[in-house]
Amino acid sequence: MPSALTQRHPDLLNGFYDKVRERGQMPDAEKRLRKQIVKLKELRAADAEELAQLREDVAGLVRTVNQLTLENQQLRTELTAPRARLRVLPGQPQPPSPR
């Protein structure tokens with residue numbers, strides 16, 4: 001993305017790149033920035049992939065919760081029916097409370 005300075009003074013930009021070509025290599029600062037850009041793009045892609053997986057997981061969990069809620073409602077309805085086929089199991093024994 002060109003800056004206002006390089007838009008007004010393309011000669012400065014051209015001069016810079018002429019000097020870079022004369023040296024035969026990129027300035028160290030530009031090399032570091034380019035490496036950092038590559039790393040950031042890789043991290044962004046990994047984050048996007050993880051986010052997509054998390055969204056899929058959430059959708060699956062919502063479906064599971066809805067199914068369990070429906071089954072729970074059906075069991076409660078059956079339990080309160082006059083001739084229920086279900087028996088209430090005794091709860092797990094509670095450990096003695098510390099005194």
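Mentor: Happy to! A residue is called buried under 20% relative accessible area, exposed over 50% and partly exposed in between, using a 1.4 Å probe and protein chains only. By that criterion Glu30 is buried because its relative accessibility is 16%. Before going further, please keep in mind that this is a predicted model, where local features need pLDDT of at least 70, side-chain atom pairs count only at pLDDT 80 or more, and totals for chains, interfaces and linings use all residues. Residues are numbered from 1 along each chain as its sequence is written, and side-chain values use heavy atoms, with hydrogens and water left out.

Glu30 has a partner: Arg34 joins it in a salt bridge, with 2.6 Å between the closest N and O atoms. The term asks for a side-chain nitrogen of Lys or Arg within 4 Å of a carboxyl oxygen of Asp or Glu. The structure holds 1 such bridge. Both residues sit in helix 3, 4 residues apart, which is about one turn of the helix.

Helices here are DSSP runs of H or I with at least four residues, strands are E runs of at least two, and both are numbered from the N terminus. The protein has 3 helices and 0 strands, so its elements read α-α-α from the N terminus on.

Helix 3 spans residues 28-80 and gives the largest share of a positive patch, 3 residues. That surface patch gathers Arg23, Lys31, Lys35 and Lys39. Patch members have over 30% relative accessible area and no salt bridge; like charges are joined within 9 Å, and nonpolar side chains (Val, Leu, Ile, Met, Phe, Trp, Tyr) within 5 Å. Lys and Arg count as positive, Asp and Glu as negative, while His and the chain ends are not counted. Each charge is placed at NZ of Lys, CZ of Arg, CG of Asp or CD of Glu. Lys35, found in helix 3, is exposed because its relative accessibility is 61%.

Phe16 belongs to helix 2, residues 10-23. Phe16, at 38% relative accessibility, is partly exposed, and so is Tyr17, at 35%. Together with Leu13 they make a nonpolar surface patch of about 250 Å², where areas follow the Shrake-Rupley method with a 1.4 Å probe and, for residues, only the protein chains shown count as cover.
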